[in-house]
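Let's take a friendly walk through a protein model together. Have a look at the picture first, and then we will go through it piece by piece.

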Amino acid sequence: MSVLALFTRGDLITRLVTALLLAMSIASWVVILWKTWLLRRASGDVARSTAAFWQSATVGEARQRVAAIDREALVLPLIEAIKTESIDTLAGAGDRSQQLTRLLRGALHRVLRKLQFGQVLLATVGSTAPFVGLLGTVWGIYHALVDISGAGQITIDKVAGPVGEALVMTAAGLVVAIPAVLAYNVLGRSVGAIEVDLEGFARDIRELMAGPAGGRPSLS
């Protein structure tokens with residue numbers, strides 16, 4: 001008995017559960033494939049972009065070099081943030097170090113949100129798909145027992161067949177959940193490694209740009 005057969009033979013609840021599991025599986029695999037591709041590119045781009053920054057003579061030159069390397073725009077927003085200037089506003093209050101901290105923190109948060117996109121979906125699918133499948137199983141067993149009781153004579157073959165068919169939904173829920181959980185953990189480690197690199201780079205930029213006025217690098 002396949003999930004497709006259960007879908008065609010089942011009632012509205014069974015069909016909704018099957019459709020939900022299918023949608024969760026498709027969504028999680030789309031995120032898995034997309035994030036695997038993105039993180040593979042991002043990991044190399046971040047390393048090359050930070051190296052290009054420190055090898056540049058000015059911030060302007062660094063921006064041009066990083067823009068050609070940083071395909072996912074993870075490092076470039078941090079470089080752009082240090083050129084933002086606020087005049088005659090509360091954002092411009094305080095010393096240069098405080099302004100840089102605020103600007104780099106905001107840019108870093110935006111970049112990290114891009115990296116973490118999809119992780120919530122994987123966690124949600126991984127934690128809820130088994131219960132969605134279990135709901136389909138319970139509902140299928142309920143209907144199987146109702147049909148058996150209405151048949152009069154109860155034998156083991158009449159019970160085993162319908163109950164076994166209903167248990168397919170539990171297996172389907174696990175098939176959907178396991179890849180999502182594994183991907184959440186594996187991709188989460190990659191995201192965490194990139195986040196550490198970006199946070200370290202942002203801290204280094206802040207220390208560089210907040211130095212004595214005579215020692216600040218040229219922004220041009």
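**A walk along the helices**

Gln99, Leu100, Leu103, Leu104, Ala107, Leu108, Val111, Leu112 and Leu115 are the buried residues of helix 5; buried means under 20% relative accessible area, exposed over 50%, and partly exposed in between, with a 1.4 Å probe and protein chains only. In an α-helix there are 3.6 residues a turn, so residues three or four places apart point the same way. Before going on, keep in mind that this is a predicted model, in which local features need pLDDT of at least 70 and side-chain atom pairs count only at pLDDT 80 or more, while totals for chains, interfaces and linings use all residues. Residues are numbered from 1 along each chain as its sequence is written, and side-chain values use heavy atoms, leaving out hydrogens and water.

Helix 5 covers residues 96-116, and its 21 residues reach 30 Å from the first C-alpha to the last. That is close to the 30 Å expected at 1.5 Å a residue, where the expected span is 1.5 Å times one less than the number of residues. Helices here are DSSP runs of H or I with at least four residues, numbered from the N terminus. After helix 5 comes Gly118, with a positive phi near 95 degrees.

Now turn to helix 2 (residues 12-54) and helix 3 (residues 59-69), which pack at an angle of about 165 degrees with their axes 9 Å apart. The axes are lines fitted to C-alpha atoms over the stretch in contact, and angles run from 0 to 180 degrees between N-to-C directions. Helix 2 is therefore roughly antiparallel to helix 3, a label for angles over 145 degrees. Where do the two helices meet? Asp45, Arg48, Ser49, Ala52 and Phe53 in helix 2 meet Ala62, Arg65, Val66 and Ile69 in helix 3, with contact meaning heavy atoms within 4.5 Å.

Is Ser49 buried or exposed? Ser49 counts as buried because its relative accessibility is 0%. Leaving aside neighbours within four places in sequence, Ser49 is in contact with Val66, Ile69, Asp70 and Val75.

Ala180, in helix 7 (residues 156-209), is also buried, because its relative accessible area is 0%. Not counting residues up to four places away in sequence, Ala180 touches Ser28, Leu122, Val125 and Gly126.

Finally, visit Ala73 in the loop between helix 3 and helix 4 (76-81). Most residues other than glycine have a negative phi. Ala73 is not a glycine, yet its phi is positive, about 50 degrees. At 29% relative accessibility, Ala73 counts as partly exposed.

Conventions
Parallel < 35°, antiparallel > 145°, perpendicular 65-115°, else oblique.
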